[in-house]
Amino acid sequence: MNLSDMGRVNLNLLVTFQTLMDAGSVTATARRLQLTQSAVSASLSKLRTLFNDPLFVRTQKGMSPTRRALEISTRLGPSLATIESVLFHPREFNPAESKKTFHISASDDIELILAPWLAQKRLEMGWQVEFALHQTSAELWTGEHRHDSADLVITAAPPIPPENYHRDPLFTGGYACLYDPKFFNGTKKITLEEYASAPHVRVSFNTQIGWVDGVLQSKGYLRNVILSTTHFAGLAALLPRVPAIATIPKYAAEAMASSAGLCTCKPPFEAPQFTISMLWQTQYDSAPENAWLRTLVRGFTATVNA
């Protein structure tokens, strides 16, 4: 029987059948289903025609199921229970039992703080789920390289999400200077003149000029860029070796400073703010596993010092 065949069958008959199996009489079935006895009898007549079997035989103890009825009930009972669960008891997601791999697309400044948090959380909680992080950026994700297969995207995103996506702003961040203090006389504060005269490492998705270049130019300085990179992670190995400054999101700067013995300070001028959001496809909106992942990420962002 295919779906078009099922469309010609009144599926309420199956509910009546299974209730008859459980209740053992037309009277008790009518009471449970809040129907009249004549309505239940009429349904039984249709069921007998549908299955070409008497299904129930009257005995002194009530309605006794035939062998065919027992076979049908064995297969039908679990199916009706599943349908009831889908309709009235939405399934819950249990990360301690699920082997699902969550695919998260994130800019690598976010990955610097998200990856260790997720790994530690998984070990602490004994979860069986896995997390796979894929690098993206606001520019790449909104372009032709968008990761539509990801369960979640975390990045600076446009105020209006693309079609078929939901957007939830997570936090607003700022910028910090990251450098090795041994190259700057141990200072924890850099003046505009020191900043403008120092070598710089630029982090940009296309290695082209960014907002820092524009700010310095407006103040009459030309930024001395000795290296451009599309990745944040390499700064932890680079900056202890060269007397340069990188101006990057504050949370990423602080994460690398603590792990690589570097120093952070506020830029010597007013820096812009940005908003990090998570985005997901509307088709995943009501999926329990995706809802669990979104709740998890909101818990993560509560720990971010943006």
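Q: Which way does α6 pass α11, left-handed or right-handed?
A: α6 passes α11 in a left-handed crossing. Left-handed means the near helix is turned anticlockwise from the far one by less than a right angle, and right-handed means clockwise. Helices here are DSSP runs (H or I, at least four residues), strands are E runs of at least two, and both are numbered from the N terminus.

Q: What am I looking at, and how are residues numbered?
A: This is a predicted model, numbered from 1 along each chain as its sequence is written. Local features need pLDDT of at least 70, side-chain atom pairs count only at pLDDT 80 or more, totals for chains, interfaces and linings use all residues, and side-chain values use heavy atoms, with hydrogens and water left out.

Q: Back to the pair. At what angle do α6 and α11 cross?
A: The axes of α6 (residues 108-125) and α11 (residues 250-260) cross at roughly 55° and come within 9 Å. Axes are lines fitted to C-alpha atoms, for helices over the stretch in contact, and angles run from 0 to 180 degrees between N-to-C directions. α6 and α11 are therefore oblique to each other. The cut-offs: under 35 degrees is roughly parallel, over 145 roughly antiparallel, 65 to 115 roughly perpendicular, and the rest oblique.

Q: Which residues meet there?
A: From α6, Asp109, Ile110, Leu112 and Ile113. From α11, Tyr251, Ala252, Ala255 and Met256. Contact means heavy atoms within 4.5 Å.

Q: And how does α6 pack with α12?
A: α6 and α12 (residues 288-301) pack at about 115°, with axes 11 Å apart. That crossing is right-handed. Ile113, Leu114, Trp117, Leu118 and Lys121 of α6 meet Leu296, Gly299 and Phe300 of α12.

Q: Leu118, then. Buried or exposed?
A: Leu118 is buried, with a relative accessible area of 4%. Buried means under 20% relative accessible area, exposed over 50%, and partly exposed in between (1.4 Å probe, protein chains only).

Q: What does Leu118 contact?
A: Leaving aside neighbours within four places in sequence, Leu118 touches Ile104, Phe131, Leu133 and Leu296.

Q: New topic. How far apart are the ends of α4?
A: The end C-alpha atoms of α4 (residues 37-51) are 21 Å apart. The expected span is 1.5 Å times one less than the number of residues.

Q: Which residues of α4 are buried?
A: Val40, Ser43, Leu44, Leu47 and Phe51. They cover an arc of only 105° around the axis, which puts them on the same side of α4. The arc is that of the directions from the helix axis to the C-beta atoms. On the other side, Ser38, Lys46 and Thr49 are exposed.

Q: Why does Ser43 count as buried?
A: Because its relative accessibility is 14%. Beyond neighbours within four places in sequence, Ser43 contacts Leu13 and Thr16.

Q: How do α3 and α4 pack?
A: At an angle of about 110°, with their axes 8 Å apart. α3 and α4 are therefore roughly perpendicular to each other. Val26, Thr27, Thr29 and Ala30 of α3 make the contact with Gln37, Val40 and Ser41 of α4.

Q: What do the buried residues of α3 pack against?
A: They pack against α2 (12-23), α4 and β2 (62-65). In α3 (residues 26-33), Val26, Ala28, Thr29 and Ala30 are buried. Gln34 follows α3 and has a positive phi, near 55°.

Q: What follows α4?
A: Asn52 follows α4, with a positive phi near 55°. Asn52 is not a glycine. It sits in the loop between α4 and β1 (56-59).

Q: Is Asn52 buried or exposed?
A: Asn52 is exposed, at 70% relative accessible area. Leu55 lies in the loop between α4 and β1 too. Leu55 has a positive phi of about 70° and is not a glycine. At 0% relative accessibility, Leu55 counts as buried.
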